[in-house]
Amino acid sequence: MKTLLRRLLALSVLWFPAISFAEFQAGTAKIDITPRQWPVLVNGGMTSRSAESATKPIHARAIVLDDSDTKLAIVVADSCMMPRQLLDKAKAMASERTGIATNHMLIAATHTHTAPSSFGCLGTRQDLKYSAQLIEQLAEAITEAASKLQPAKVGWASTNASEYTALRRWVLRPDRIREDPFGNFTVRANMHAAKNLDDVTGETGPEDPELSAIVIQTPDGKPIAFLASFSMHYFSGVKPVNPDYFGLFCDHIEEKLGGGLALMSHGCSGDIWRRDYRDENWVSPEIEAYSKQLGDLIMDSAKATEFNSNVDLKMAERRLDLAYRVPTKQRLEWAERIVKEMGDRDPKTRTEVYANEAIELHQLQRTEVVVQALRIGKNISIVTTPNETYAISGLKLKLQSPTTNTMTLDLTNGADGYIPPPEQHLLGGYNTWAARSAGLEVMAEPKIVGAGLELLEEITGKPRKVYRQSQDGVVGKALTSLKPFAWWRMDEFGGNLARDSSGNGRSAVLHQPVLPFLTGPEGYISGIYPNEPFVNYEKEHNRAAHCAGGHLHTNFPA
């Protein structure tokens, strides 16, 4: 009997092969996408402008990853924004050359405001000659990166870079409401409104101070790629054509690494800039110093990176059909009258710009947007939006992601404009004025963020995390110990309900506009108690809501 068992065991060892991980590989490419023909139209302004030369070359930087089963491509290009139709053509061309599926290609714009116009919006038309060149070169970047695959290992780095980013969209005082391009006084919030702090009551949302990087090396530790993401809007300060601070950051990282390819994405930066308006003594840094300091910060963090070569890949994509906020009949008649008077010339004033945009949206009516998520190993993921996405949307994705480390990239796979959360639309301002730069339906943000979370669940096979503010702090413990009838932390990401933190299930209703998930002042927590209607506690930070004209309503029986 023992002899028979030994023979069966020997056969089983021969029959079942040893379990092994597929070899993880990575390849990179850096393609010069500086215009070949001059002059070129340049994105980034309200009205049209052009450039006759480049002050510094611009590039498309590509990474291709392969685990022997799944192959995917990541590209970050020095561009203000690139339309989905252009990127779909580039992906199809690259797929024919490499065999990589088009839904396994991610192409993002850095959002430099000093790059050629590959997307027509506001007062600038699409530069068709440059767009044709860009399609070919994006495909070339993916093709070259796919040809340079080599064994690799991957790790994650992250640090707090709050000194380098802040909110640029602020709520105006009710007596300081401004006029919109359509002749109506609707602007209750706007970018850079806090240049005069007396005009404003506070920021419209939270910032995201995380500077993160996916670090890829050879098995013996030589640099291959360094993909960084940071939620901070552009920093130009130089004439076009130029890669902005994104290019300077990449140059500095590559110099410090002594090789490899660095990429820097736009994070989720629709309402973010580098100036902290609360600091009245703030002095603008030089662009070179800013870029190097930010690079040094993430490189210091990367020293502690733990690497893994047993890595599998997963990527998923969803295409959503969304409506534009098209003009009413009255608005369309207003726009047609203005555009008719313009004739064939480009718009010169803000009113002319938005009249032209109203006609464009009326003709388009609907569009298709692309959302993607990819996983590198067990604990690293990337989730994308095709928009200038607010920081709060990025935080929703990160804080609910099933993976430990999640990177957000906006203006990826398309150029579908700002997507303010629904409550922000009630406050108006540039980010909400209907145009190709901000024209999607009011519910676009929750639909796009929801799709991103569903894709993260798909690629990980795990449910999203449920975000709850801790009850273990001073305030939480103190309030819980008093056994209140009800109390609300006001720490939701959005929506119209405020959860009852007492556990008694007495949720309250938020009447909009209420701006969620801001960093609250220390110790400001409100609650209803049987014997005490309002309580303040000190010395604890909390997430809070800003009632920018809205309020919280309860309806309890006496």
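The expected span of a helix is 1.5 Å times one less than its number of residues. In this predicted model, helix α2 (residues 84-98) can be set against that value: α2 has 15 residues and reaches 20 Å from its first C-alpha to its last, close to the 21 Å expected.

**Helix α2**

The buried residues of α2 are Arg84, Leu86, Leu87, Ala90, Lys91, Ala94, Ser95 and Thr98. Because these residues cover an arc of only 165 degrees around the axis, they lie on the same side of α2. The face turned away from this buried side carries Lys89 and Glu96, which are exposed. What do the buried residues of α2 pack against? Their partners are the strands β6 (105-109), β19 (313-323) and β20 (366-376), together with helix α3 (128-146). Just after α2, Gly99 takes a positive phi of about 85 degrees.

**Aromatic pairs**

A pair of aromatic rings is described by the distance of the centres and the angle of the planes. Rings of Phe, Tyr and Trp pair if their centres lie within 6.5 Å, and planes over 60 degrees apart count as edge-to-face. By this rule the model holds 14 aromatic pairs.

| Pair | Centre distance | Plane angle | Class |
|---|---|---|---|
| Phe182 and Trp334 | 5.5 Å | 70 degrees | edge-to-face |
| Phe182 and Tyr354 | 6.0 Å | 80 degrees | edge-to-face |

Phe182 lies in the loop between β11 (178-179) and β12 (185-187), while Trp334 belongs to helix α6 (residues 329-342), so their pair ties together parts that are 152 residues apart in sequence. Tyr354 sits in helix α7 (residues 350-364), so the pair of Phe182 with Tyr354 ties together parts that are 172 residues apart in sequence.

Are Phe182 and Trp334 buried or exposed? Both are buried. Phe182 counts as buried because its relative accessibility is 17%, and the cut-off is under 20%. Tyr354 is also buried, with a relative accessible area of 0%. Ring pairs link Phe182, Trp334 and Tyr354 with Tyr418, Tyr430 and Trp433 into a cluster.

**Charges over rings**

Arg274 is placed over the face of Phe235, at 3.6 Å from the ring centre. The ring of Phe485 has the charged end of Arg506 over it, 3.8 Å from its centre.

Definitions and conventions: Residues numbered from 1 in each chain as written. Predicted model: local features only at pLDDT ≥ 70, side-chain atom pairs only at ≥ 80, totals over all residues. Heavy atoms only, no water. Helix = DSSP H or I, 4+ residues; strand = E, 2+ residues; numbered from the N terminus. Buried < 20%, exposed > 50% of the residue type's maximum accessible area, 1.4 Å probe, protein only. Arc of directions from axis to C-beta. Contact = heavy atoms within 4.5 Å. Phe/Tyr/Trp six-rings, centres within 6.5 Å; stacked < 30°, edge-to-face > 60°. Lys NZ or Arg CZ within 6 Å of the ring centre and 35° of its normal.
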